[in-house]
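Subject: Structure for your review

Dear colleague,

Please find below the structure that I am handing over to you. A short account of the findings comes after it.

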Amino acid sequence: MLKKSLIAATLSSLLAAPAYADLTINGFASIKAGVTLDSDDTLYGYDDSLDFKNESLFAVQLMSDLGEKLSVTAQLMGRGAEDFDVEFEWAFISYQLTDEIRINAGRLRTPFYKYSDFRDVGYAYDWLRVPQSVYGLGFDNIEGISFYHTTQLGSFDSNLQLIAGAYDGDATVSGNSVDAEIKNVLGVAWELGRDWYSLRAAYLTGKVTIDAQSAQLQPGVTFGDFFTGLSGAGFGALVNEIDIDEEDGAFFGLGFTADKNDWLLVAEYTTVTVDNSFIADQKNFYLSVGHRFDSITPYVSYEKEDNEAKTEIYTPYLATLPPQLLLPVAGIVQSQARKATTYNLGLRYDFHPSAAFKLQYSSEDNEIADLRQDVLAFGVDLVF
């Protein structure tokens, strides 16, 4: 009820803007379905039963120009995976300081990736979904302020973004949803474009805290219980190596895009690190190639995940840590390791000026689990 009241109040304030305010309403939607090709597979939220809800979503964006270079924007979204419960995805004010400089403040999209601002707008890219190996950090938005500077540097179009803020929301640990907080987020993203190609780089840092105390390590035993046991046995230093309390986190990303003679190429490489924690160091990338034939664009892409478990956390304790404590510690650390490759083969068909039909087959090979899973999905992305 509180959420609905907040949404209603925000809509009322936007719609009740002064008479001179210019109100713009637009939106986008995805109606998608998918199914895995084996009864034991589960991939991207799908299983062997055809599901029309998992990746479907509807969103409405409202922007009110208040005059004097000031505007306010709110984006409301309902996701099928969350029973279409409507939430604020974005909510910020903008001030156009000069023709080249804009400042936004409020709930903002964090500029990790090339398609960060558009990852939910399926119509903005050819894939049925953004590459999950790279676009899987776990959160997209922060509350804060950003500074945009757009200009011309010689023959290049330059788009520079500086951002500062914080995140307070959910994270997943051993399959459990837990509270996460990232303070002092500072970042920069810079994209240079010329003619048919562009280059992009992003770097962000922050202080990461994940409250895993209540997460279930095993039936009847929480992380908190286990940490207490380790400390009681004299291994408090080891707890500090595992627990995540205001640790330094960093994200680095590089991207390249090319669109020439109807050939489309997109590639991104990212790294993620959280110091003094059991979170694995992550190195992920994807490469996608497509060709536009009028309204039809077939494409193929390759994704790679390489998340190295921090075995150095527990190896110094191999001779001193009792087996009943060593095995859970090793399990916590090793659970973060992931090595996987994914191949995607898809097709986009622009059957309408504002809508595109997409079909995509994805095959993921999890090298650690020695498991290959396949999913076939299709649907329509549209804007309005």
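This is a predicted model: local features need pLDDT of at least 70, side-chain atom pairs count only at pLDDT 80 or more; totals for chains, interfaces and linings use all residues.

Residues are numbered from 1 along each chain as its sequence is written, and side-chain values use heavy atoms, with hydrogens and water left out.

Salt bridges

Side chains of opposite charge can pair when their charged atoms come close. Here a salt bridge is a side-chain nitrogen of Lys or Arg within 4 Å of a carboxyl oxygen of Asp or Glu. The whole structure contains 25 salt bridges.

One of them joins Asp-381 to Lys-32, with 3.4 Å between the closest N and O atoms. Asp-381 belongs to strand S18 (residues 371-383) and Lys-32 to strand S1 (residues 22-36), so this pair ties together parts that are 349 residues apart in sequence. Helices (H or I, at least four residues) and strands (E, at least two) are DSSP runs, numbered from the N terminus. Asp-381 is buried at 0% relative accessibility, and Lys-32 is buried with a relative accessible area of 6%. The term buried means under 20% relative accessible area, exposed means over 50%, and partly exposed lies in between (1.4 Å probe, protein chains only).

Lys-339 takes part in two salt bridges that I would like to point out. With Asp-306 the N to O distance is 2.5 Å. This pair links distant parts of the chain, as Lys-339 is in strand S16 (residues 338-352) and Asp-306 is in strand S15 (residues 296-308), 33 residues apart. With Glu-308 the closest N and O atoms are 2.8 Å apart. Glu-308 lies in strand S15 and Lys-339 in strand S16, so the pair ties together parts that are 31 residues apart in sequence. Lys-339 is partly exposed at 25% relative accessibility, Asp-306 is partly exposed at 23%, and Glu-308 is partly exposed at 42%.

Elsewhere, a network of salt bridges links Arg-79, Glu-89, Arg-109 and Asp-120.

Cavity and pocket

Rolling a probe the size of a water molecule over the atoms shows where empty space is left. On a 1 Å grid over the protein atoms alone, a cavity is a set of points where a 1.4 Å probe fits but cannot get out, and a pocket is an open set with protein on both sides within 12 Å along at least five of seven lines; lining residues have an atom within 4 Å of a point. Grid points are joined across faces, edges and corners, and a volume is the space filled by probe spheres set on the points.

The structure holds 1 cavity of 30 Å³ or more, and the largest cavity has a volume of about 30 Å³. Its lining consists of Trp-127, Arg-129, Val-130, Pro-131, Ser-301, Glu-303, Asn-344 and Gln-360.

The second largest pocket holds about 790 Å³ of space. Among the 35 residues that line this pocket, Arg-102, Asp-117, Phe-118, Tyr-148 and Gln-161 are the closest to its centre. Strand S4 (86-96) gives the largest share of the lining, 5 residues.

Helix H2

In helix H2 (residues 223-232), the buried residues are Phe-223, Gly-224, Phe-226, Phe-227 and Leu-230. Seen down the axis of H2, these fall within an arc of 160 degrees (taken from the directions from the helix axis to the C-beta atoms), so they line one face of the helix. Thr-228 and Gly-232 are exposed on the other side of H2. Just after H2, Gly-234 has a positive phi of about 90 degrees.

Two single residues

Thr-270 lies in strand S13 (residues 263-274) and is buried, with a relative accessible area of 2%. Leaving aside neighbours within four places in sequence, Thr-270 is in contact (heavy atoms within 4.5 Å) with Tyr-113, Val-134, Phe-251, Phe-252, Gly-253, Gln-282, Lys-283 and Asn-284.

Asp-157 is found in strand S7 and is partly exposed, with a relative accessible area of 41%. With neighbours within four places in sequence again left aside, the contacts of Asp-157 are Thr-151, Gln-152, Glu-191, Leu-192 and Gly-193. Between the C-alpha atoms of Asp-157 and Gly-187, which are 30 residues apart along the chain, the separation is 20 Å.

Yours sincerely
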